[in-house]
Amino acid sequence: MILRVYGETVQSVAMHFDSKAFNEVGFRRDRQNSIPVDEFEREWEKVSEHEISAKDEGLVQDHTQQRMLDSMESAVNELLAGLGEQEALRVENDETDWPKARDTQRKIVEDGQNRLQFEAWVDPPLRLAVWRRTSG
């Protein structure tokens, strides 16, 4: 399960990493779990922290960004697969340090033709923490 803080509550979310979305590194509330932040922090403890970022390059901007996002999604899925019982991942970034896709382009010559080469990365990294339920 992935959790994210929204105001005064911690809610469960699903990943939505989409290069065509305004917020490429996105999470959507799934309305399955919601508890007040103060209750969550009383009943759960932070076990570990992880930073996830990725980088890719290619000749098509959207494909390059989506491959980068797919790589990040795979890393999040690995963390999810490693969770124990009574553990969850919580997104630690807030709106002031939200991960954003960045890119640059440069001109290259390939087979005698001018092309654009795109490089995409995420900055700042996605910060996730593993939290374990201590009670209830």
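Modeller: First, a definition: a residue is called buried when its relative accessible area is under 20%, exposed when it is over 50%, and partly exposed in between. The model is predicted.

Arg4 has a relative accessible area of 9%, so it is buried. Its partner takes us to the part I want to examine. The side chain of Arg4 meets that of Glu95 in a salt bridge, 2.4 Å from N to O. Glu95 sits in the loop between β6 and β7, whereas Arg4 belongs to strand β1, residues 2–6. The two are 91 residues apart, and the pair links distant parts of the chain. Now compare the two ends. With a relative accessible area of 59%, which is over 50%, Glu95 counts as exposed. Arg4, at 9%, is under the 20% limit and therefore buried. Side chains of opposite charge can pair when their charged atoms come close.

Is Asn93 buried or exposed? Its relative accessible area is 4%, so Asn93 is buried. Its side chain has polar partners on the backbone. One polar atom of the Asn93 side chain lies 3.1 Å from the backbone oxygen of Pro125. The backbone nitrogen of Arg127 is 2.6 Å from a polar atom of that side chain. Setting aside residues up to four places away in sequence, Asn93 touches Trp98, Pro99, Pro125, Leu126 and Arg127.

Follow the chain back into β6. Arg90 lies in this strand and forms a salt bridge with Glu41 of helix α1, residues 37–43. The closest N and O atoms are 3.6 Å apart. Again, distant parts of the chain are linked, here 49 residues apart. Arg90 has 8% relative accessibility, so it counts as buried. Glu41 is at 45%, and therefore partly exposed.

Where do β1 and β6 sit? Both belong to an open sheet of six strands, in the order β3-β2-β1-β6-β9-β4. The pairing in this sheet is mixed. β3 and β4 (44–52) each have a single partner strand, so one side of each is left without a neighbour in the sheet. Neighbouring strands are turned by 35° against each other on average, direction ignored. β1 pairs with β2 in the antiparallel sense, over five bridges. In that pairing, Ile2 stands opposite Val13 in β2.

Helix α2 packs on this sheet. α2 touches β1, β2, β3, β4, β6 and β9 (126–133), and its direction makes about 135° with that of β2. Asp62 is at 24% relative accessibility, so it counts as partly exposed. Lys20, at 65%, is exposed. A search of the whole structure finds 13 salt bridges.

Now leave the loop at its other end. β7 belongs to an open sheet of three strands, in the order β5-β8-β7, with antiparallel pairing. The edge strands are β5 (55–58) and β7 (100–110), each of which pairs on one side only. The twist averages 15° from one strand to the next. How many bridges join β7 to β8? There are 11, and the two strands run antiparallel, with β8 covering residues 113–123. Arg102 stands opposite Trp121 in β8, and Glu110 stands opposite Gln113 in β8. The hairpin of β7 and β8 has two residues between the strands. Asp111 takes a positive phi there, near 55°.

Back to the loop, then. Asn93 is buried and has side-chain polar atoms close to the backbone at Pro125 and Arg127. Glu95 is exposed and is joined by a salt bridge to Arg4.

Note on methods: Residues numbered from 1 in each chain as written. Predicted model: local features only at pLDDT ≥ 70, side-chain atom pairs only at ≥ 80, totals over all residues. Heavy atoms only, no water. Pairing = 2+ DSSP bridges. Helix = DSSP H or I, 4+ residues; strand = E, 2+ residues; numbered from the N terminus. Axes fitted to C-alpha atoms, helices over the stretch in contact; angles between N-to-C directions. Buried < 20%, exposed > 50% of the residue type's maximum accessible area, 1.4 Å probe, protein only. Polar contact = N/O pair within 3.5 Å; in protein donor to acceptor, adjacent residues only side chain to side chain. Contact = heavy atoms within 4.5 Å. Salt bridge = Lys/Arg side-chain N within 4 Å of Asp/Glu carboxyl O.
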